[in-house]
Amino acid sequence: MSNTNSMKLIIEAKSQNESFARSVVAAFFVQINPTLEQVEDIKTAVSEAVTNCIVHGYDGAQSGVIEIECKLTDKTMTVTIRDFGKGIENVEQAMKPFYTTISTGERSGMGFTVMQAFCDNVAVHSQQGQTTVELTKKVV
C-alpha cells in the first residue's frame, strides 16, 4: 500500500475562510500520524499563508481565490498555497522579519518568519498575478 495521497481545496479570498482552510489541512495531515504539536504547527503556518494571500495578494478587498494543495508522501506533507493577486515585488525582502508593506493596523511583518519557524522548509515564488508558498512539514 502506498503512503501517498493528495487533495486540493479552492476557497474565496475572505478572512472567514482562513480557519476553514487551516482545519481542512490539519485534518488531512493526521493521516501520517503527527503529534498534536506538529498539527498545531502546520495550522499556524497555513493560517499565516492564507492571511497573506487575503491581506497582501488581494489587498483585503479585491475578490479572488486561494488554491491549497496538500501532498502526503511517507512521513512528509507539502502544502502549496497559491493566490492570483498582485504578487510580491521582492520576495527576499518580504521574507525578512518585520518587513511589511502595510504600515497601519496590526501587521507585524512576521508572517514568513512564523511559517519558517513552524515548518521544515518554506519556498516562495511570486510574479505579477500569482504567488505560490510551499510549506513542508515532516513527521519524525
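**Close-up views of a predicted model**

**View 1. Contacts of Asp 41.** Leaving aside residues up to four places away in sequence, Asp 41 touches Phe 118 and Lys 137. The model shown here and in the other views is predicted. Asp 41 belongs to helix 2, which covers residues 36-57. Its relative accessible area is 11%, which is under 20%, so Asp 41 counts as buried.

**View 2. Glu 37 in helix 2.** Glu 37 also lies in helix 2. With a relative accessible area of 60%, Glu 37 is exposed, because the value is over 50%. Glu 37 and Phe 118 are 81 residues apart along the chain, and their C-alpha atoms are separated by 9.8 Å.

View 3. Five strands, in the order 1-2-3-5-4, make up an open sheet with antiparallel pairing. At its edges are strand 1 (4-12) and strand 4 (121-127), each of which pairs on one side only. From one strand to the next, the twist averages 10 degrees. Helix 2 packs on this sheet and touches strand 1, strand 2, strand 3 (76-83) and strand 5 (130-138). The direction of helix 2 makes about 10 degrees with that of strand 3.

**View 4. Pairing of strand 1 with strand 2.** In general, the strands of a sheet pair through backbone hydrogen bonds, in a parallel or an antiparallel manner. Here, strand 1 and strand 2 (residues 65-73) run antiparallel and are joined by nine bridges. Ile 10 has Glu 67 in strand 2 as its bridge partner.

**View 5. Helix 4 on the sheet strands.** Helix 4, residues 111-118, lies across strand 4 and strand 5. Helix 4 runs at about 25 degrees to strand 5.

Notes: Residues are numbered from 1 along each chain as its sequence is written. This is a predicted model: local features need pLDDT of at least 70, side-chain atom pairs count only at pLDDT 80 or more; totals for chains, interfaces and linings use all residues. Side-chain values use heavy atoms; hydrogens and water are left out. Helices (H or I, at least four residues) and strands (E, at least two) are DSSP runs, numbered from the N terminus. Buried means under 20% relative accessible area, exposed over 50%, partly exposed in between (1.4 Å probe, protein chains only). Contact means heavy atoms within 4.5 Å. Two strands pair if DSSP finds at least two bridges between them. Axes are lines fitted to C-alpha atoms, for helices over the stretch in contact, and angles run from 0 to 180 degrees between N-to-C directions.
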